[in-house]
Amino acid sequence: MPPKSHISVDIAVRGATVISMIRTLEWTGEGVVRFLDQTRLPEEEVYVECRDAAAVAEAIRRMQVRGAPAIGIAGAMGLALGARQSRADAFEPFYAELCRVAGELAATRPTAVNLPWALERMKRVALKHRDLPVRAIKARLEQEAKDLWAQDLEVNRAIGRHGEPLLPPGARVLTHCNAGALATAGYGTALGVVRAAHTAGKGIAVLAGETRPFLQGARLTAWELHREGIPVTLITDGMPAALMARGQVDLVLVGADRIARNGDVANKIGTYGLALACRAHGLPFYVAAPLSTLDPTLQSGAAIPIEERSPEEVTTLAGRRIAPAGVPALHQAFDVTPAALVTAIITERGVARPPYAESLAALLGGGRER
Ligand code: MRU
């Protein structure tokens with residue numbers, strides 16, 4: 001197993017289990033937020049430090065920090081930094097500034113609902129404490145961002161516990177993009193389920209799709225599983241259907257960026273094709289996501305905004321042009337998988353099965369604030 005490095009930390013979860021965790025993002029105190037720079041992995045393990053909200057917005061836009069839950073937490077930390085910068089000493093101008101900064105952070109990446117979800121939660125904290133001096137509200141916002149980080153870690157562990165029984169011993173699990181520790185505060189959603197099954201000694205093997213053009217599978221999923229000794233084999237994006245036809249895949253397990261009320265799932269481009277291939281080969285297609293990825297305001301996936309990124313990310317590879325000059329490229333970063341193709345959605349409160357309008361509503365309605 002590759003050696004541990006400074007990018008790991010041992011964390012006690014609820015004072016019990018100690019897990020060695022990748023430090024994807026953290027509030028380091030004195031107004032510095034740092035992200036493990038995911039544009040530089042796996043060659044370099046370096047952090048990018050942000051001291052203001054604009055720097056956090058830029059890091060999200062450039063995908064130095066990425067993955068739905070991680071950009072939600074990053075946004076909250078960015079907003080706490082923005083609050084620190086404010087010179088307003090009365091609530092009204094302070095809150096107006098907070099809303100403006102939240103709007104700028106929310107505009108960085110449109111598909112993952114975790115980002116606006118986290119920002120709204122931060123705004124609610126400010127409103128709730130409006131009678132306190134502004135400096136006390138700033139401290140509450142900082143605490144809320146840290147709480148979001150800690151909560152995400154617990155949520156991922158719970159997703160792992162609920163999802164683990166769905167993975168049969170020896171399962172060959174195909175995943176796409178990166179829904180792991182690097183996409184969250186730690187542990188991961190889809191890869192959290194894999195981690196739980198691996199820890200349970202089930203002998204799980206992962207097939208990681210490379211995920212063009214940002215290569216989250218090749219650069220990130222392969223990196224984080226390999227360093228933990230979880231068996232992982234990299235495959236090209238064109239291989240899954242052929243592997244399924246040869247009986248070399250047992251199930252597909254992916255994360256999500258936004259799930260509509262009816263269970264339609266937005267995730268990294270290519271996910272829809274995987275779900276179709278699963279249906280054709282009679283394989284389960286599982287989605288693992290926290291309830292903060294659920295958007296109950298949307299009836300169906302048709303209304304989910306799909307991020308379009310620069311065509312240059314498609315026409316170049318590691319800074320080198322790979323397509324003829326003048327040829328246009330399309331770069332839709334996400335797709336929507338219809339609920340009818342989703343076998344189950346694994347959340348921190350349990351596993352939702354069709355019909356999702358009912359099962360997701362029941363999970364959402366059950367208990368604490370998301
Ligand atoms: O563009 P990215 O890398 O932010 O896309 C990430 C994904 O599509 C993940 O599958 C999703 O955010 C779930 S992460 C737990």
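At 31% relative accessibility, Arg172 counts as partly exposed. Its side chain meets that of Asp250 in a salt bridge, with 3.0 Å from N to O. This is a predicted model, and its protein chain is divided into domain 1 (8–157) and domain 2 (161–364). The structure holds 19 salt bridges.

**The Arg172 pair**

- Asp250 is also partly exposed, because its relative accessibility of 26% falls between the limits of 20% and 50%.
- Arg172 belongs to strand E6 (residues 172–175), while Asp250 sits in the loop between helix H8 (240–245) and strand E9 (251–254), so the pair ties together parts that are 78 residues apart in sequence.

**Other salt bridges**

- Side chains of opposite charge can pair when their charged atoms come close.
- Arg195 and Glu228 form a salt bridge through their side chains, at 2.6 Å from N to O.
- This pair links distant parts of the chain, 33 residues apart: Arg195 is in helix H6 (residues 190–199), and Glu228 is in the loop between helix H7 (216–226) and strand E8 (232–235).
- Arg195 counts as buried at 5% relative accessibility, whereas Glu228 counts as partly exposed at 23%.
- Salt bridges that share partners join Arg109, Glu307, Arg309 and Glu313 into one network.
- The side chains of Arg40 and Glu44 meet in a salt bridge at 3.0 Å, N to O.
- Arg40 is partly exposed, with a relative accessible area of 34%, and Glu44 is partly exposed at 36%.

**Where the two domains meet**

- The C-alpha centres of domain 1 and domain 2 are 24 Å apart.
- In domain 1, 35 residues are in contact with 36 residues of domain 2.
- The two domains bury about 3100 Å² between them, and 55% of this area is on carbon and sulfur atoms.
- Ile22, Thr111 and Arg157 supply 21% of the area that domain 1 buries against domain 2, more than any other three residues.

**Polar links and makeup of the interface**

- One salt bridge is found across the interface of domain 1 and domain 2.
- Arg109 and Glu307 meet through their side chains in a salt bridge of 2.8 Å, N to O.
- Between the domains, 21 residue pairs are in polar contact.
- On the side of domain 1 that touches domain 2, two or more residues come from each of strand E2 (18–22), helix H2 (68–85), helix H4 (114–128) and helix H5 (134–163).
- H5 gives the largest share of that side, six residues.
- The residues of that side divide into 19 nonpolar, eight polar and eight charged.

Note on methods: Residues are numbered from 1 along each chain as its sequence is written. This is a predicted model: local features need pLDDT of at least 70, side-chain atom pairs count only at pLDDT 80 or more; totals for chains, interfaces and linings use all residues. Side-chain values use heavy atoms; hydrogens and water are left out. Domain bounds come from an automatic or database domain assignment. Contact means heavy atoms within 4.5 Å. Buried area is the accessible area (1.4 Å probe) that two parts lose on being put together, summed over both. A salt bridge is a side-chain nitrogen of Lys or Arg within 4 Å of a carboxyl oxygen of Asp or Glu. A polar contact is a pair of N or O atoms within 3.5 Å; within protein, one must be able to donate a hydrogen and the other to accept it, and residues adjacent in sequence count only if both atoms are side-chain atoms. Helices (H or I, at least four residues) and strands (E, at least two) are DSSP runs, numbered from the N terminus. Ala, Val, Leu, Ile, Met, Phe, Trp, Tyr, Cys and Pro count as nonpolar, Asp, Glu, Lys and Arg as charged, and the others, Gly among them, as polar. Buried means under 20% relative accessible area, exposed over 50%, partly exposed in between (1.4 Å probe, protein chains only).
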